[in-house]
Amino acid sequence: MAFDGLLMHQLCFELKPLLVGGRIDKVFQPEKDELTINIRGNLGNQNLFISIDASMPFITCISDRKENPQAPPMFCMLMRKHLVGGRIHSLEQIEFERVFVITIESKNELGDPEMKKLIIEIMGKHSNIILTKEDFTIIDSIKRVTPDMSRVRSILPGLKYAFLESDKISFSKSSLEIIAHLKAHADSQKLYKAFYENIQGFSPLASKWLCNRLNLDPSMPIGDLKETDYDRLDEYFQLLKHPEVEKGKGYIYYDQQEHAKLIYYMDGMDPLLKSETFPLLVQAIEKFYLRTNRENKMHQRTQSLKKLVSQRIERFTTKLAKQELELIEAENANDSRKIGDLILSNIYLISKGMNRVELMDYYVDPPILRTIELDTRLDPSENAQYHFRKYNKLKNALIELTHHIEETRADVIYLENVLTHLEHSEDTRLVDEIKEELIEQGYLKGKPKKKAHKTSKLSYKKYHSTSGFEIWVGKSSLQNDLITTKLASNKDLWLHTKDIPGSHVIIRTGGNTPDEQTLYEAALIAAYYSKARESSNVPVDYTQVKNVSKPSGAKPGMVIYVGNKTLFVTPKLETIELLEDAHKH
């Protein structure tokens, strides 16, 4: 997943025609470490997206802007003040480093034109977005760096921006110079490490690819290379420097479980992984990084909430196990009554002080001798009354426990559904909605908002089947209630994973019978938005909405249904993405 200098070289080549000459229209800051710049360019509008997330920094053009906070942060306001209306004059990469410099011509408060520099550093935890004047005097940065934070350099308003010097040889130099540098400085180093430790722009990933292409052992000393190897090395250096000659593309590599593992602009990066090819690197970056970035952000945002829900699930599960043990004991209530009857019918054989007695049990066929334990402090009649009282207590407990077990089981099912919705949450509004729902239901401490959820504000997800049928998906328990009990018609089809927490899915039939492909696609969606997302052969029940009902007093999203049939499907993200409706409800 290395966003190295070589990849940025190719990215710079693709971004230039998209951005240079364009006018900056809007600036947004979706997160504290993200920036979106809307640019009206010669090739259409572009959304330049920059993330300096320490775990996954990247830059690319995206097809749709991310959700933005209601109140823009201070850095966003500063960027709007200096950049909106400005025209992008140039986009350059510093050597083969992971640094872009975008020069922007804008006007100051007096209306006079002036140049600004937007510097984007994609350097892991040191990534940053820095706005400077033309002479590189820092105006501000999205992440300020004080002397206490770094001994290498400070990034503060008023200081001069300083490029981080590298002791590696520039990859822009000729192959002869690079090879001479390797011979002089890395003669005894292993080939694999020699590339990325001595040549600017190289990462371990690129070094591995180069060794594979040269068909050389990565662990061999670089001093063992032959002249023919150096000739081939020059050939591949040229390819890495000038991928545009072959109209460089983007590649995402997937494992057997179809999880995206890495991205690069050269093919054959890992022969053990299958790849997906994109016409442009920016497109591959958008798909790979934006989804992963969103998932990481949501994981961070929902982590504490998921932990609380998981703790409550564990607590209710433990409570349920205890209640079920008590129920087993309560179900033996009749045995206490039988013991009382046996003692009374044989009272003449028992005297006070006995600790046990053997009596013939006529309640079984054939009758057998049964040993009955007695309390030595009680007389025979009092021993019998003890068992009759125990019988009445257990009989009442049986009724109470049955009710409590139903409630506790409902708690577990409801919270497991909530946890599944949190795992699949895609935006902050949904997380806030789920949190408010948990407070209202009494599972979390907090003061419920005065205004209850309005169904018009609940944003369920929409898809369209290949045949054109509309498909709805509830992304929370409240949304499940909305689409199933409020919006769907009786003739629509309802789907849900069988005995597995997940979303309600509705096929809008319009009175028509959906074809098998539509049913299959809706079942795929139901399986994907369930706890069984990563499983295969997932059972999905389906029936008409008229067969689905919500019991009185049931928790949000809880329904019962009859007349169902079952499909078995394996969720496929690629298929589901093709069905997604671009116009979100």
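Over the face of which ring does Arg337 lie? I found Arg337 over Tyr391, at 5.9 Å from the ring centre. My rule for a charge over a ring was NZ of Lys or CZ of Arg within 6 Å of the ring centre and within 35 degrees of the ring normal. Lys183 lies over the face of Tyr230, at 4.5 Å from the ring centre.

A note on the source: this is a predicted model, where local features need pLDDT of at least 70, side-chain atom pairs count only at pLDDT 80 or more, and totals for chains, interfaces and linings use all residues. Residues are numbered from 1 along each chain as its sequence is written, and side-chain values use heavy atoms, with hydrogens and water left out.

Next, ring pairs. I paired rings of Phe, Tyr and Trp (its six-membered ring) with centres within 6.5 Å, calling planes under 30 degrees apart stacked, over 60 edge-to-face and the rest tilted. That rule gave me 22 aromatic pairs. Trp494 and Tyr561 make a tilted one, 4.8 Å centre to centre with 50° between the planes. I also noted a cluster in which ring pairs link Phe3, Phe49, Phe58, Phe288 and Tyr289.

How exposed are the two partners? Taking buried as under 20% relative accessible area, exposed as over 50% and partly exposed as in between (1.4 Å probe, protein chains only), I get Trp494 as buried because its relative accessibility is 1%. Tyr561 has 24%, so Tyr561 is partly exposed.
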